[in-house]
Structure formats: structure tokens, C-alpha cells
Amino acid sequence: MNIYEKLRRSQHKNNNEMEKEMTVAELVKKLNQKIDGKKLDRNVINRIEAGQEPNLAQLVAYSKVFNVSTDYILNNISPKSDTETIKSIADYLGLSDATIEEIAELKPDYKMIFDKMISKYCFLLILSEIRNLLGYNYLRPHLTLQFDEKRKWLDGAEIDQVLNNAVNDNAVSVFFNEAVNKRIEQIVENVMNDKELQEYFGELDKHSKIQTVPLSAEFLPKLGTLKKKGSDENETT
């Protein structure tokens with residue numbers, strides 16, 4: 001499978017279903033909307049995916065349809081192993097190979113939620129709060145040590161005292177922790193209230209083999225029966 005076929009099979013989303021491959025017919029339509037020159041047909045796409053090099057106009061159309069650079073396409077023409085692919089993605093994103101593998105192995109449903117949290121609900125905003133929290137936790141003992149050392153010689157400068165008090169103040173610590181927790185809770189709530197996700201998983205639940213049937217009143221224990229049973233036990237003992 002070359003890069004052109006991979007792009008077609010991995011980028012399309014339809015009816016809330018993630019990772020559903022784009023058909024050749026759909027690709028022909030999209031490419032012809034972007035191409036500057038002779039229009040394409042199914043046979044051209046099949047030949048390109050079989051290994052035929054596209055011309056410049058076709059290459060540019062591919063890059064526009066899939067929102068990737070022509071360099072990206074040209075650098076990925078030769079088939080690569082999964083390991084090489086993971087490494088290239090990891091290098092590009094600056095993430096570890098292990099992280100990329102974990103994301104790649106997520107179930108499609110989980111990927112959908114993950115994608116929503118990052119792309120639509122600004123999950124990345126909490127990273128700044130986490131960074132502040134980590135910085136705060138690092139500075140707390142560091143500033144305390146500086147103040148204690150300087151106090152021996154100068155009895156502590158006023159600014160050092162202020163920093164020492166602020167960084168080691170419990171209220172400040174609570175604020176940083178709550179800021180992160182509040183952002184996470186808000187993002188999770190947004191995802192849970194997402195109509196598109198609700199409809200998607202609602203449809204899945206309709207076709208589930210596990211049917212949840214509420215218990216009717218006849219299955220609930222009768223209060224009188226419980227009392228009688230308890231009385232009998234007491235009499236026995």
C-alpha cells in the first residue's frame with residue numbers, strides 16, 4: 001500500500017464513523033474540485049495507487065484534498081514498515097515512540113473521544129496549568145532554601161520573604177491544583193454533553209446485545225416479608 005492509497009483509506013470521516021476509508025469515486029470527485037488541469041477518473045486513481053507516479057497537477061491536488069504538503073507525499077512514496085512510520089510520526093510530533101503506539105492502538109471509539117477533547121474542547125489548554133503546577137512544586141523547596149540561606153547572612157530581603165510566604169502558602173497550592181482540576185472537569189463535561197458523540201454511542205447502544213430492562217415492582221422485596229423474616233430469625237436465636 002503506497003502513500004496515495006494510505007491517504008484515501010485513513011482520512012475520511014462519514015456519518016460520525018471514524019477511520020472509514022474514502023471510496024475511489026469520492027476521491028475522484030474531491031480531486032477534480034482541486035485539480036488545475038485535466039480531470040481524473042477512477043482508472044487514474046487505480047493506476048496511481050498501483051504505483052504509477054502522478055503528474056505535478058495531480059500531486060498538488062492530493063496535497064490539497066488531504067491537507068498535507070507535497071514534500072510529505074514525496075517523502076513517503078516508498079512503503080515503510082510500521083516501526084519506521086511510528087518513528088517518523090514521533091519525530092514530527094516530538095512524542096515518544098511508545099506514546100504514538102499507545103494512541104495508534106486505541107479503539108476507534110476512544111480515538112473519536114480523544115480527537116474531540118483535543119480539537120474541539122481545548123484539552124491542550126490545561127497543559128499550561130499543569131506546567132504552572134509543576135513549576136510551582138519545583139520552586140517551593142528551591143525558594144525556601146534560598147531564603148533560609150540568605151537569612152543567615154542578611155536576615156532575609158523583603159522580596160525573598162514575600163516569595164517564600166507566597167510559594168509555601170497552602171492557599172496558593174490549592175489554587176494551582178484546583179485550576180488544573182477545574183479545567184479537566186470542564187473538558188470532560190463538554191465531551192459528555194457532546195450531541196454528536198451522544199448520538200453515535202446511542203446508536204451503538206440500540207444495537208447492543210446487552211439489553212437493560214428495569215426491574216418491575218414485583219421483583220422488589222416486600223417490607224412486610226422482610227420484617228417477618230427478621231422476626232423469625234430473632235425468635236430462633
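Asp97, Glu101, Glu102 and Glu105 come together as a negative surface patch. A positive counterpart is made by Lys29, Lys30, Lys34 and Lys64. Keep in mind that this is a predicted model, where local features need pLDDT of at least 70 and side-chain atom pairs count only at pLDDT 80 or more, while totals for chains, interfaces and linings use all residues. Residues are numbered from 1 along each chain as its sequence is written, and side-chain values use heavy atoms, with hydrogens and water left out.

**Charged patches**
- A patch takes residues with over 30% relative accessible area and no salt bridge, joining like charges within 9 Å; a salt bridge means a side-chain nitrogen of Lys or Arg within 4 Å of a carboxyl oxygen of Asp or Glu.
- Lys and Arg count as positive and Asp and Glu as negative, with His and the chain ends not counted.
- Glutamate 105 counts as exposed because its relative accessibility is 63% (exposed is over 50%, buried under 20%, partly exposed in between, using a 1.4 Å probe and protein chains only).
- On the positive side, helix α2 (residues 24-34) is the top contributor, with three residues.
- Lysine 29 belongs to helix α2, and this lysine is exposed at a relative accessible area of 58%.

**Aromatic pairs**
- Searching the whole structure turns up five aromatic pairs, meaning Phe, Tyr or Trp rings (the six-membered one for Trp) with centres within 6.5 Å; planes under 30 degrees apart are stacked, over 60 edge-to-face, and the rest tilted.
- One of them is the stacked pair of tyrosine 136 and phenylalanine 176, at 5.1 Å centre to centre with 25° between the planes.
- That pair links distant parts of the chain, 40 residues apart: tyrosine 136 is in helix α9 (residues 125-154) and phenylalanine 176 in helix α11 (residues 170-192).
- Tyrosine 136 is buried, at 6% relative accessibility.
- Phenylalanine 176 also pairs edge-to-face with phenylalanine 175, at 5.7 Å centre to centre and 70° between the planes; phenylalanine 175 is exposed at 55%.
- Elsewhere, ring pairs tie Tyr4, Tyr62 and Phe66 into a cluster.

**Positive phi without glycine**
- Asparagine 67 isn't a glycine, yet has a positive phi of about 55°.
- You'll find asparagine 67 in the loop between α4 (56-65) and α5 (70-75), exposed at 69% relative accessible area.
- Cysteine 122 is another non-glycine with positive phi, near 55°.
- Cysteine 122 lies in the loop between α8 and α9 and is partly exposed, at 38% relative accessibility.

Methods: Patches are made of residues with over 30% relative accessible area and no salt bridge: like charges are joined within 9 Å, nonpolar side chains (Val, Leu, Ile, Met, Phe, Trp, Tyr) within 5 Å. Accessible areas come from the Shrake-Rupley method with a 1.4 Å probe; for residues, only the protein chains shown count as cover. The place of a charge is taken as NZ of Lys, CZ of Arg, CG of Asp or CD of Glu. Helices (H or I, at least four residues) and strands (E, at least two) are DSSP runs, numbered from the N terminus.
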